[in-house]
Amino acid sequence: MPDPGPVAVFAPAKINLTLHVTGQRADGYHLLDSLVVFADVGDWVHLAPADRLTLAITGPQAAALPVSDDNLVLRAARLMGAGGSFTLEKRLPVASGIGGGSADAAAAVRACAAARGCALPAAADVLALGADVPVCLAGRPVRMTGVGEGLEPLAHPLPAGWLVLANPGVAVPTPAVFRALARRDNAPMPGVLPQFGTLAALAGFLNAQRNDLEPPAIQIAPVIDGCKAALAAQPGCLIARMSGSGATCFGLFADERAALAAETALQAAQPGWWVAAGALRP
Ligand SMILES: C[C@@](CO)(OP(=O)(O)O)[C@H](O)COP(=O)(O)OP(=O)(O)OC[C@H]1O[C@@H](n2ccc(N)nc2=O)[C@H](O)[C@@H]1O
Ligand SMILES: Nc1ncnc2c1ncn2[C@@H]1O[C@H](COP(=O)(O)OP(=O)(O)O)[C@@H](O)[C@H]1O
């Protein structure tokens, strides 16, 4: 039976551990090959029953996102044909390559489905909200292909690990980064992803892969290079790279204490940056 009470859904940050741009469609959208994971760092979407569809935004990043009709939470609710009183607790920096808006849209879809006791829509049905919304609705590690609609579950679970996310406070618009790409026909990842017995093995694999959007994003916002270097310099960091179209970079850690120490050290060294540590979600 549908539960008419309030619903709260976590909207975890999406991290592109790799992001290979392998082609471009006639409509301009790019073909991607990306190993996508999620972190225990994110926004919350709350939904309470109400006749009208409304949105309030709270949380430490609320000031960066004025309430507007095209907020992805409202667009997702309209796609679901749902009303209700939504509160978005905004913790992730906006336009930062970790899919905050897409994660919110996916969480709003989940909240609507939970409130009405109906099934989740198919990936193809939420793609219109944004290329990253299908992967955020999946919410687990996958190989993402196509423009974002291809979702291949991993054959083997990833080892446990920690992510430290750092954003140097610049918003880089995704279309501008794609436009600045030097080439659009880059090699994909290997056809079959290996099984990673340890986090060090995963980091070794990642080191041989790329984020093709990193060079153009650094060209637009050179501070990204410094952000990546600051993460890489933290004790215990196995690899540091930019996520999505930036500017957020991630550091991968096997050890929880090392990840939390890196978070504290970066927050102290760069008070103007957004820095957060969280476990890699299975
Ligand atoms: C680059 C990625 C990688 O995961 O992440 P973010 O940087 O956004 O986190 C995503 O593909 C972004 O997904 P999302 O932010 O939902 O994209 P959309 O709103 O659909 O599109 C924004 C713009 O990005 C470009 N775009 C997006 C996806 C794609 N496969 N090819 C593109 O060329 C297009 O210029 C489009 O107008
Ligand atoms: N709930 C939302 N959270 C963040 N951004 C949103 C939201 N709704 C709409 N947007 C718009 O979507 C754009 C991309 O935001 P976001 O998903 O945070 O970026 P990215 O995909 O690069 O991480 C922003 O410029 C913002 O104006």
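This is a predicted model: local features need pLDDT of at least 70, side-chain atom pairs count only at pLDDT 80 or more; totals for chains, interfaces and linings use all residues.
1. E10 covers residues 249-253 and is joined to E9 by 5 bridges, the two running antiparallel.

2. These strands belong to an open sheet of 4 strands. The order is E9-E10-E8-E11, and the pairing is antiparallel. Strand E9 (237-242) and strand E11 (274-279) form the edges, each pairing on one side only. Neighbouring strands are turned by 20° against each other on average, direction ignored.

3. Two helices go with this sheet. Helix H8 (residues 223-232) packs on the sheet and touches strand E8 (162-167), E9 and E10. The direction of H8 makes about 165° with that of E9. Helix H9 (residues 256-269) lies across E8, E9, E10 and E11. H9 runs at about 170° to E11.

4. Now the annotated site. An unreviewed UniProt entry places the feature "active site" at Lys14 and Asp132. The two are spread over 119 residues of sequence, yet they cluster in space, with a largest C-alpha distance of 8.7 Å.

5. Lys14 lies in strand E1 (residues 7-16). Is Lys14 buried or exposed? Lys14 counts as buried, because it has 27 C-beta neighbours inside 10 Å and the cut-off is 20 or more. Beyond four places in sequence, its contacts include Val36, Phe38, Ile98 and Asp132.

6. Asp132 sits in the loop between helix H3 (123-126) and helix H4 (133-138). Asp132 is also buried, with 28 other C-beta atoms within 10 Å. Leaving out residues up to four places away in sequence, Asp132 touches Lys14, Gly99, Ser102 and Gly148.

Note on methods
Residues are numbered from 1 along each chain as its sequence is written. Chains are lettered from A and ligands numbered from 1 in the order in which they are written. UniProt positions are given in the numbering used here, feature names are shortened, and annotations may be inferred rather than shown by experiment. A residue is buried if 20 or more other C-beta atoms lie within 10 Å of its own, exposed if 12 or fewer, and partly exposed in between; C-beta atoms are placed from the backbone. Two residues are in contact if their C-beta atoms, placed from the backbone, lie within 7 Å. Two strands pair if DSSP finds at least two bridges between them. Axes are lines fitted to C-alpha atoms, for helices over the stretch in contact, and angles run from 0 to 180 degrees between N-to-C directions.
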